[in-house]
Structures are given as structure tokens and as C-alpha cells.
Amino acid sequence: MYQDSNFYLDADSNFSIKLKGHQPFSILQLTDLHLGFGPFSKKADGLALQAVSTLIKRAAPSLIILTGDSIFPFWPRSGTLDNKLQAKKLTDFLDTFEIPYAFVFGNHDVEMGAKASKQEIAQLLMQGNYSIFSCGPAQLNGVGNYIIKLVNEENVPLCALVMLDSGMYGDGWFFSGFDCIHSCQTAWCSTALRSLKSQNPALTAFAFFHMPLAQYKTAYEQMKLGNKDVTYHFGSIGEPNDYFGISKNDCDFFQTAEKDGILKGMFCGHDHYNTLSLTYHGIRLTYGMSVDYLGYSGIGKRYTQRGGTVLTIQSDGSFYIAPLPLTSVVSTFVRGKKSSDSGNVKETS
Ligand SMILES: [Fe+2]
Ligand SMILES: [Fe+2]
């Protein structure tokens, strides 16, 4: 587990990071690394690790957040079911950057047939020297529901980063469709954020999870119909036939967030070719750029979707969200100068 004089494990198994002065806090979201670390995936793993390394060095973030499908114990692609070894290799790799990193689970990290359970992988993930992870309240659905608070020097919460396990497969097996954030998690998040807001009415919050919410699709469709309530920021829907890997089960997370008015942004992964970022009903919905070289057939030869996503939170609560395409980083080296981030739109809370 990460250790630092400005980092605290709270009594409720959440975390606090104490901010000094008015420096912005930047988060690099990385998603869907799909690292196999098996006999079939050596080439793809090398490319993925190189991409992650390039993105981290370019972004130099305060915190890295991985939104699921980081490892891929899927025999046909990686040639291994050993997700324990994959988790160990992943944390060993991330530790080399000496930047704290937090995780949520996707649907593939403990894929059906994988060697270890979520609880076992969680224990391994927590052993990383720069790792931030809590299993969260045992009564909630999933493993890894926790909050990282950014607090000022007087311990007043300024911002809450909510980490959620959005599950795997709806009815528990591969072909049953995808799961979603459950109502118990929604209620837990809402209660926690309202409590933090009572300590600071200017509190902002962001949520990180793997599966897109149904509202990502609704917002996209509304935007195409010309609904002026949707604001386009950057990215696209690159999945064939405008596909969104959303659950068919009911989910009350977005409606509750809209009612509470505390969450300003949500970040997901899962659909590797979708990179869209919109504001819908006052909440910024962003698909993180993905890294995958292994999961999708033929994705190694594609590149426009590949990269990271940077969230920069200012001390006044305003924030920027910008895509960090891997191609822009590479072209920086080619041109020999720093390129400006595209799509860098300032928002106020
Ligand atoms: Fe994935
Ligand atoms: Fe996924």
C-alpha cells in the first residue's frame, strides 16, 4: 500500500490525500490495459506496457486511476488463467513510476475460470508499494467500493474520488450480459458524498467505474438529435453500429447523482473504441481512451482510440478533462517540442 506523509487511511477504510497550497491535482485515467503476461501475449503486452509508460511519463500525474480490465486471464488470448501472476506483474510495473495508483475491477480481471477470486486479487493489488485500494464495505455489491478524498491542510474535504465495482456479468455468467452499479452502492455513495458536502458545501466529486451507464448512450442519442441539453466535448463512438456495452439491468446511479448534484463527472472504460466525452444533465460523462492491444481482435493495428484521459482539478473546484492520445505523445517526440492537449475544456462546478 502507498505510504506518504500526506496520505491517510481513514477509519472507514476510505483514504485522504492532503493537498498543499493551491497546486492543481491531476489524475491520469488508464483503462482496459488487458495485460496477459502469458505465452500468447508477449508482443501485445510489450506494446501495452510501452504505451502505459509513455502516457504516464507524458502526463506526470498526481494519481493514476485504472478503470478495469487491467489484466486479462482469458486463455484464448493470453494463454494463461493465472491472474495472480498478472496482478503481481502489473503492480511491480506500476511501482516503477513512483506515482500512487488506484484500481477498480472490470469484467475481465477475474474472468470466469481465472485462478484467483476478486478478494484474492484485491489482496495482491494492495501489496503494491504505490497502490491505493480498499475492498470497501462488505455488505455492498462487488469488491473495491471506496473513496479517495482530497483534503486541504485543515482536513476539509475539497473533492471526492469515488471508486466503484460495476460488476461483471448480469446473471453471473459470460453470455448473460453485463452487470452494473447496484442500488446498495448508489445509496452508499450518495450517503457518503452528502456527508462530505455537509463539511464543505463547495465539495466536488467524480466517480470511476468500468461499465458505462445507460445515460452515456442516451446522451449520445440526444446529441445526435440536436438536443441542446447535451454538450459535446471530445471523442467519438468508435464501436461498430454505435455499440454501448451497457447493462440491461436497472441502475439508479445517474439519477441519484443528478438529484444530489455533487458528482460532476464520471469516467468509465469497457468499450475500447468509444472515447466520447459529453455533459448530460450537468454531469460530465467520459469514456476513457483505452490501451488494449490484446482483447479485441485486430485492435493492435488500430490507434486512434489508444491513450489515456487526464482530469485536472483546480483548488477552486473547477476542472479540466482532456484526452491524451498516444499518437499525440509520439508526435511530440517526432516534432521535438511539447504539443498542446486537445479538447481541453474548462468547466466550473
Ligand atoms: Fe476491456
Ligand atoms: Fe470490460
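With 349 residues, a compact globule would have a radius of gyration near 20 Å, and the chain agrees with this at 19 Å. The radius is taken over C-alpha atoms, and the globule rule is 2.2 Å times the number of residues to the power 0.38. The structure is a predicted model, in which local features need pLDDT of at least 70, side-chain atom pairs count only at pLDDT 80 or more, and totals for chains, interfaces and linings use all residues. Residues are numbered from 1 along each chain as its sequence is written, while chains are lettered from A and ligands numbered from 1 in the order in which they are written.

The C-alpha trace of the chain spans about 50 × 45 × 45 Å along its principal axes. The chain holds eight helices and 16 strands; these are DSSP runs numbered from the N terminus, with helices being H or I of at least four residues and strands being E of at least two. Of the 349 residues, 49% count as buried. A residue is buried if 20 or more other C-beta atoms lie within 10 Å of its own, exposed if 12 or fewer, and partly exposed in between, with C-beta atoms placed from the backbone. Among the contacts in the chain with a separation of 6 or more, 72% come from residues 24 or more positions apart. Two residues are in contact if their C-beta atoms, placed from the backbone, lie within 7 Å.

Two packed helices are described by the angle between their axes and the distance between the axes. The axes of helix α3 (residues 83-95) and helix α4 (residues 118-125) come within 9 Å and cross at roughly 25°. Axes are lines fitted to C-alpha atoms, for helices over the stretch in contact, and angles run from 0 to 180 degrees between N-to-C directions. Helices α3 and α4 are therefore roughly parallel to each other (angles under 35 degrees count as roughly parallel, over 145 as roughly antiparallel, 65 to 115 as roughly perpendicular and the rest as oblique). The crossing of α3 past α4 is right-handed, a term used if the near helix is turned clockwise from the far one by less than a right angle, anticlockwise being left-handed. In this contact, N83, K84, A87, K88 and T91 of α3 meet E120, I121, L124 and L125 of α4. These residues divide into four nonpolar, two polar and three charged. Ala, Val, Leu, Ile, Met, Phe, Trp, Tyr, Cys and Pro count as nonpolar, Asp, Glu, Lys and Arg as charged, and the others, Gly among them, as polar.

For helix α5 (residues 183-199) and helix α7 (residues 253-260), the axes come within 10 Å and cross at roughly 15°. Helices α5 and α7 are therefore roughly parallel to each other, and their crossing is right-handed. T186, S190, L193 and R194 in α5 meet F253, T256 and D260 in α7. The contact is made up of two nonpolar, three polar and two charged residues. S195 also lies in α5 and is partly exposed, with 13 other C-beta atoms within 10 Å.

P212, between β9 (204-208) and α6 (214-224), counts as buried, with 24 C-beta neighbours inside 10 Å. Leaving aside neighbours within four places in sequence, P212 is in contact with F244, G245, I246, C268, H270, D271 and Y287. A60 lies between α1 (42-59) and β4 (63-67); A60 has a positive phi of about 40° although it is not a glycine, and counts as exposed with 10 C-beta neighbours inside 10 Å. N155, in the loop between β7 (146-151) and β8 (157-163), is likewise not a glycine but has a positive phi of about 65°. N155 counts as exposed, with 11 C-beta neighbours inside 10 Å.
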